[in-house]
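Subject: Structure for you to look at

Hello,

Here is the structure I promised to pass on. Please open it beside this email and follow along.

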Amino acid sequence: MKTPYEILGEDGVQNLCNAFYEIMDEEETVKVLRAMHAADLEPMKTKLFEYLSGWMGGPQLYSQHYGTVCMTTPHKPYRIGPKERDQWLLCMDKALERIGASSKLKTMLKDPMFRVADAVKNHHCSEHTPKNDNLIATG
Ligand code: HEM
């Protein structure tokens, strides 16, 4: 069976990453996710490409550059709950659509993509719920 990298090729993976951040920039429903990122998304297109290249079965560019494929540490400064995860996955779905990925490839990526995004999630809730400091006092 071909790997996703073999199916897409280097250019296809790069196109996917470009489309991913273009959609993040355009899509009204992912404003929370967009706001977490720097104004300039260009460096992210390269980093995600390096990461997905290895993740999809191609050259391990991210680990060659940064010595790790751990995604927990770079995401630590951000509060990532289910909402942020789902916005990330929505951008990925739309990016796959935009580059004309086959339904076979989309099916192949669906569960693994969910698992990698869910592993980056570091909070159970997406927003801080205001604490009622008077709870005990007011009974
Ligand atoms: C689940 C929701 C996710 C959110 C909310 C999120 C958000 C972010 C943010 C805010 C940054 C920093 C961007 C900047 O420096 O401007 C980042 C970096 C990054 N993210 Fe995510 N991310 C998510 C999932 C993922 C997933 C699933 C992957 C890989 C498949 C990924 C790959 C990366 C990479 C490669 C970087 C760059 C890390 C570095 O600086 O070396 N992210 N992410």
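Start with Leu 61. With 18 C-beta neighbours inside 10 Å, Leu 61 counts as partly exposed. The rule is this: a residue is buried if 20 or more other C-beta atoms lie within 10 Å of its own, exposed if 12 or fewer, and partly exposed in between, with C-beta atoms placed from the backbone. Leu 61 sits in helix H4. Helices here are DSSP runs (H or I, at least four residues), as are strands (E, at least two), and both are numbered from the N terminus.

Two notes on the source. Residues are numbered from 1 along each chain as its sequence is written. This is a predicted model, in which local features need pLDDT of at least 70, side-chain atom pairs count only at pLDDT 80 or more, and totals for chains, interfaces and linings use all residues.

**Around helix H4**

What does Leu 61 touch, leaving aside its neighbours within four places in sequence? Its contacts are Glu 50, Ser 53 and Gly 54. Two residues are in contact if their C-beta atoms, placed from the backbone, lie within 7 Å. Leu 61 and Glu 50 are 11 residues apart in sequence, and their C-alpha atoms are 4.8 Å apart in space.

Ser 63 is also worth a click. Ser 63 is in helix H4, which covers residues 61-66. Ser 63 counts as partly exposed because it has 14 C-beta neighbours inside 10 Å. Not counting residues up to four places away in sequence, Ser 63 touches Gly 54, Thr 68 and Val 69. Val 116 is 53 residues from Ser 63 in sequence and 16 Å from it in space, C-alpha to C-alpha.

**The whole protein**

Now zoom out. The protein has 8 helices and 0 strands. Its C-alpha trace spans about 65 × 35 × 30 Å along the principal axes. Of the 139 residues, 21% are buried. Take the contacts with a separation of 6 or more: 75% of them join residues 24 or more positions apart.

**The core**

The largest nonpolar core has 22 residues. Such a core is a set of buried Ala, Val, Leu, Ile, Met, Phe, Trp, Tyr and Cys residues joined through C-beta atoms within 7 Å. Val 13, Leu 16, Cys 17, Phe 20, Leu 52, Cys 91 and Ala 95 have the most contacts inside this core. Helices H1 (4-26), H3 (42-55) and H6 (82-98) each supply at least two of the core residues. The largest share, 7 residues, comes from H1.

Look at Leu 16. Leaving aside its neighbours within four places in sequence, Leu 16 contacts Leu 8, Ala 95, Leu 96 and Ile 99.

**How the helices pack**

First, how the axes work. They are lines fitted to C-alpha atoms, for helices over the stretch in contact, and angles run from 0 to 180 degrees between N-to-C directions. Angles under 35 degrees count as roughly parallel, over 145 as roughly antiparallel, 65 to 115 as roughly perpendicular and the rest as oblique. A crossing is left-handed if the near helix is turned anticlockwise from the far one by less than a right angle, and right-handed if clockwise.

Take H1 and H3. Their axes come within 9 Å and cross at roughly 150°. H1 is therefore roughly antiparallel to H3. The crossing is right-handed. Among the H1 residues in the contact are Val 13, Cys 17 and Phe 20, and the H3 residues include Leu 48 and Leu 52.

Next, H1 and H6. Their axes come within 8 Å and cross at roughly 125°, so H1 and H6 are oblique to each other. This crossing is right-handed. In the contact, Leu 16 and Phe 20 are among the H1 residues, and Cys 91 and Ala 95 are among those of H6.

Last, H6 and H7. H7 covers residues 103-120, and the two axes come within 10 Å and cross at roughly 155°. H6 and H7 are therefore roughly antiparallel to each other. Their crossing is right-handed. Trp 88 and Leu 89 are among the H6 residues in the contact, and Met 113 and Phe 114 are among those of H7.

Arg 115 is 99 residues from Leu 16 in sequence and 19 Å from it in space, C-alpha to C-alpha.

Best wishes
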